[in-house]
Amino acid sequence: MLDLWFFEFDAPDSNLSILVKEQLDSEQTPFQKIDVFDSETFGKFFTLDGLIMITEKDEFIYHEMISNVPMAVNPDIKKVLIIGGGDGGTAREVCRFKTVEQVDMVEIDERVVRLCQKYFPQTACALDNDPRINLIFGDGLKFVQDAPEGAYDLILVDSTDPLGPGEGLFTTEFYRNCYRALNDKGILINQHESPYYKEYAYEMRRAHKKLASVFSIATVYQFYMPTYSSGHWLFGFASKGLDPVKDADFKRWSEFGLQNRYYNPGVHLGAFALPNYVQEELQKED
Ligand code: SAM
């Protein structure tokens, strides 16, 4: 029998490949193609339009980093909006903070949620069980447009890349609406691509310039994500005034008493210490 390999291209001549034990599902939705696979090293993983979204082995890194960083900068966060995040991992992590009161999650593709509930209880667990989560199926772009002014303490944009349904979530209009929907201590965290390969670095620069034109504080922070292109991945941190390093309150964060596998205060500080080439990329004019 022939081996089945999954390939994801970083550049025309370079790729990440995983030997597939079994393909568990495949479905074309009105928004994107969803494929679910099983593998020896990474466990189950799923792709949207051929790009890896999560694997069972490394999803904790992404989800701890998207949630703990803003919670350490403002431990009083109570109202959270998640855009995308259909696998449920971001909602799961946010719900570990018992002081969070409300989590609105707006996912465009209900099929992503349903397939993750079937194959990925590891990430989707909170979606079924936590009464603080309001799951809304719709376009995040439209939802933020209609959101009341100052309604949220934190917006987490856990989106796909700026292609297909995710494209609108990388526009200045969307960032302006997020700014309006956040209160004075509001923080926006977004999936911010990678600095390494050309196409990803281009999208990273574009997102950064737009965010910096809307928010008084706009920077990026890094983490190591083995199954994303190059492994070197970024989140954007944008706020109306809170500084991600100077305002980090690790004493109050430690009172949450969380047992993490990736995030800790040292990782938080190091994540904002950007390599020189990343700083240069961010300043570059296209
Ligand atoms: N952690 C992943 C990554 O960085 O590749 C992202 C995971 S999550 C599955 C991304 C989700 O964003 C998808 O389920 C997709 O359907 C959703 N999405 C894309 N565009 C959207 C939009 N305009 N509004 C709401 N959700 C959207």
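Mentor: Here is the ligand site, piece by piece. This is a predicted model: local features need pLDDT of at least 70, side-chain atom pairs count only at pLDDT 80 or more, and totals for chains, interfaces and linings use all residues. Residues are numbered from 1 along each chain as its sequence is written, and side-chain values use heavy atoms, with hydrogens and water left out.

Start with the space. The ligand sits in the largest cavity. A cavity is a set of points, on a 1 Å grid over the protein atoms alone, where a 1.4 Å probe fits but cannot get out. To sit there, a molecule needs more than half of its atoms within 2 Å of the grid points.

Now the neighbours. There are 26 residues around the ligand; a residue is near if one of its heavy atoms lies within 4 Å. Gln32, Glu107, Asp139, Gly140 and Tyr228 come nearest. The shell holds 11 nonpolar, 10 polar and five charged residues. Here Ala, Val, Leu, Ile, Met, Phe, Trp, Tyr, Cys and Pro count as nonpolar, Asp, Glu, Lys and Arg as charged, and the others, Gly among them, as polar.

Next, the polar contacts (pairs of N or O atoms within 3.5 Å). A side-chain N or O atom of Asp139 is 2.9 Å from a nitrogen atom of the ligand. Pro165 uses its backbone: a polar atom there is 3.0 Å from a ligand nitrogen. Tyr62 has a polar side-chain atom 3.4 Å from a ligand oxygen.

Finally, the cover. On its own, the ligand has 600 Å² of accessible area, and the protein covers 98% of that. Such areas come from the Shrake-Rupley method with a 1.4 Å probe.

Methods:
Polar contact = N/O pair within 3.5 Å; in protein donor to acceptor, adjacent residues only side chain to side chain. 1 Å grid on protein atoms, 1.4 Å probe; cavity = no way out; pocket = protein on both sides within 12 Å on 5 of 7 lines; lining within 4 Å.
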